[in-house]
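Please look over the sequence and the 3D structure below. A short report follows them.

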Amino acid sequence: MTRSEALSILLIEDDDVAAEAVVRSLEKAGLTIPVIWAEDGLKALEMLRATQTGQVAPRPRVILLDLNMPRMNGFEFLQALRADPKLSDEVVFVLTTSDDESDRTRAYHENIAGYMVKSAVGPQFSKLVALLQSYQCAVKLP
């Protein structure tokens, strides 16, 4: 992957403490992928569509999505994303507190790439880092 094709991460998380923890954990693990943060689904869609001046999430990118957020939750975001022809192919990993089977099933119906529960990932964050590093090296995104 060349410098212009470097992978970025769009982190969609309403809890600033949780978002900072993800960023710090990625940095601590030595992951050099830039992280762009959106505090909810609406802000993330603005960044993805570049509808307002400000921060844009460059391609290629991977989205880490929380499900439980105000204004536009993760499921609403996924529906809007998949309905948009320019964004329907986005790679999304859910990173959430919900371990509910119905949430997992519903998310996979929106063609997510993976579902991770924060409490399980937290102590073993290195697994998420390894996944993202492998993904960056193995997959060429549009």
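The model is predicted: local features need pLDDT of at least 70, side-chain atom pairs count only at pLDDT 80 or more, and totals for chains, interfaces and linings use all residues. Residues are numbered from 1 along each chain as its sequence is written, and side-chain values use heavy atoms, without hydrogens and water.

**Cores.** A nonpolar core is a set of buried Ala, Val, Leu, Ile, Met, Phe, Trp, Tyr and Cys residues joined through side-chain atoms within 4.5 Å. Buried means under 20% relative accessible area (1.4 Å probe, protein chains only). The largest core has 26 residues; Leu10, Ile12, Leu48, Ile63, Leu65, Phe77 and Leu81 touch the most other members.

| Element | Residues |
|---|---|
| Strand 1 | 8-12 |
| Helix 2 | 41-49 |
| Strand 3 | 61-65 |
| Helix 3 | 74-83 |

Helix 3 gives the largest share, five residues. Apart from this core lies another, of 20 residues, including Leu7 and Val129.

**A loop residue.** Asp40 sits in the loop between strand 2 and helix 2. Asp40 counts as buried because its relative accessibility is 4%. Leaving out residues up to four places away in sequence, Asp40 touches Ile12, Met69, Pro70, Arg71 and Met72 (contact: heavy atoms within 4.5 Å).

**Rings.** Arg106 lies over the face of Phe75, 3.9 Å from the ring centre (the rule: NZ of Lys or CZ of Arg within 6 Å of the centre and within 35 degrees of the ring normal).

Technical notes: Buried < 20%, exposed > 50% of the residue type's maximum accessible area, 1.4 Å probe, protein only. Helix = DSSP H or I, 4+ residues; strand = E, 2+ residues; numbered from the N terminus.
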